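Welcome! Let us take a friendly look at the salt bridges of this structure.

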Amino acid sequence: MTISMNDYSIEAFMDYLTIEKGCSPNTIKGYSHDLYGLIEFLNRNSDYASPINWSSITLIQLRGYLANLYNDRKNKNSSIHRRVCSIKAFFKFLISNKMIIADPSEELQYPKRPQSLPKFVPKDSIQILINNANNPLHKVIIEVLYSTGVRCNELRNMNIDDVNFNDSSIRINSGKGGKDRIVLLSKRAAPRLKEYVDGYRQKMIKKAEQRKKLPLDSYDALFISNRGLRISNRTIQDFISKISENSGLKNTTPHVLRHSFASHLVMDKTNIRVVQQLLGHASLETTQIYANVSTDYIKSEFQDKLNF
């Protein structure tokens, strides 16, 4: 059976997520992967012709798809949970746009998913990471990631005009879920970012201009690569991984820095609502997990200090 890789309904859903919901490219890619995986299963195990007639899909078929995922031991519960989320969101979109009459995913059950605590690194390890970053660009990016708790994609999308050095703040435009918010720079991060903007960034722009004509976006972007272009997520992830490894700190990623930012604030008794706003969480429940990290860490420290 031929698999349709250009399903109109899914493409319309992707447009909705991009334009109306403001989802990130990685989120869009995840939804697309999950839904085309469902199409592949339906084509392989049903008599449907491609493209799929979504109004004829049943709950039994969706449960069959999940059973197939459960049987593959490579699939973790968290991965299956995400696929159920994708399926439910897709059918909800079809219903709201009157593309189907009944929602077969309404009674689809989520897998039980144990709540894992966010990984974070201690404050002294953050300092080691910053100290071992020899490149001024790398140093300031690590500083800003930890100081603000922003996501990697939010950092790469920052523009010069988003920064307000008068009150040490940065405006995040269309963060996750398409929401804008203001994040704050620490007393150390603010002057370091100002030094980068006035000095190192200007030098990088001039060097790149000598090689080629730069796009207008290069002059807007806060963080640029050696080529004079807006820095990519992959570049940020790669150099943080290398610095982390060279510093003896395993698996430190931009998102671990975000977790560390939130965990340290909660440990220092910051109001959980303030942490929620800084992180850009729509639900307080999402932020509340950092309170569990704090309790877990305190217990660990207590046992270490009173080891007798």
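The side chains of Arg82 and Asp34 form a salt bridge with an N to O distance of 2.5 Å; the term stands for a side-chain nitrogen of Lys or Arg within 4 Å of a carboxyl oxygen of Asp or Glu. Arg82 belongs to helix H4 (residues 77-96) and Asp34 to helix H2 (residues 25-45), so the pair ties together parts that are 48 residues apart in sequence. Helices (H or I, at least four residues) and strands (E, at least two) are DSSP runs, numbered from the N terminus.

Asp34 is buried at 1% relative accessibility, while Arg82 is partly exposed at 38%. Buried means under 20% relative accessible area, exposed over 50%, and partly exposed in between (1.4 Å probe, protein chains only).

## Where the model comes from

This is a predicted model: local features need pLDDT of at least 70, side-chain atom pairs count only at pLDDT 80 or more, and totals for chains, interfaces and linings use all residues. Residues are numbered from 1 along each chain as its sequence is written, and side-chain values use heavy atoms, leaving out hydrogens and water.

## Other bridges to find

The structure holds 10 salt bridges. One of them joins Glu40 and Arg44 at 3.7 Å, N to O. Both residues lie in helix H2, 4 residues apart, about one turn of the helix.

Glu143 and Arg188 also meet in a salt bridge, at 2.9 Å from N to O. This pair links distant parts of the chain, 45 residues apart: Glu143 sits in helix H6 (residues 136-148), and Arg188 in the loop between strand S3 (181-184) and helix H8 (189-211). Salt bridges with shared partners join Glu143, Arg188 and Arg192 into one network.
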